[in-house]
Amino acid sequence: MPKAVPEKRFEAVLRQYGLRATPQRAIVIEALTELSHPDAEAVFAYAQRRQPSMSLATVYNVLEKFHAVGLVTLLAFHGRRYFDTRVEHHDHVHCRQCGRLTDVSRDPKTRLVAPNVASWVIEDQKLVWEGLCPACREA
Ligand SMILES: [Zn+2]
Ligand SMILES: [Zn+2]
């Protein structure tokens with residue numbers, strides 16, 4: 001089992017957002033980097049393997065802090081909250097079988113139009129595409 005020492009690359013990210021590098025914060029960043037769009041429970045499961053003494057409350061606190069400083073964005077989807085370290089505009093595709101969320105690259109300048117929102121000022125459009133991922137399609 002590797003020792004829970006903040007890695008230099010995670011320390012740099014934390015400093016960039018004005019946060020002190022603690023081992024707990026470094027583990028949460030590592031989890032967010034290693035897992036694709038995890039929810040708090042998935043981050044907690046990952047953190048437990050790295051540092052068994054880490055509590056779910058700590059994970060929640062760290063994620064909340066990261067969200068407050070803009071290090072992560074929050075995706076609320078199907079009643080769950082997923083965390084994303086990629087903060088610039090992007091869509092997601094969701095596998096209805098395994099629940100996996102994957103980034104979709106779409107030109108943000110490509111706007112969708114709808115007659116009933118013609119008088120609105122649309123500031124953002126984030127789409128969730130739905131389907132079956134390649135692994136589930138094969139199964
Ligand atoms: Zn799938
Ligand atoms: Zn994403």
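Which residues in α2 meet T58, V59, V62 and L63 in α4?

## The α2–α4 packing

They are Q24, R25 and V28, with two residues in contact if their C-beta atoms, placed from the backbone, lie within 7 Å.

Helix α2 spans residues 23-34 and helix α4 residues 56-69; their axes sit 10 Å apart at an angle of about 75°. That makes the pair roughly perpendicular (65 to 115 degrees). Axes are lines fitted to C-alpha atoms over the stretch in contact, with angles from 0 to 180 degrees between N-to-C directions. Helices (H or I, at least four residues) and strands (E, at least two) are DSSP runs, numbered from the N terminus.

## What the model is

This is a predicted model: local features need pLDDT of at least 70 and side-chain atom pairs 80 or more, while totals for chains, interfaces and linings use all residues. Residues count from 1 along each chain as its sequence is written, and chains are lettered from A and ligands numbered from 1 in the order in which they are written.

As for pLDDT (the predictor's confidence in each residue, from 0 to 100), the chain averages 89, and 95% of the residues score at least 70.

## Two domains

The domain assignment, automatic or from a database, gives domain 1 (8-84) and domain 2 (91-138). Five residues of domain 1 touch five of domain 2.

Technical notes
Parallel < 35°, antiparallel > 145°, perpendicular 65-115°, else oblique.
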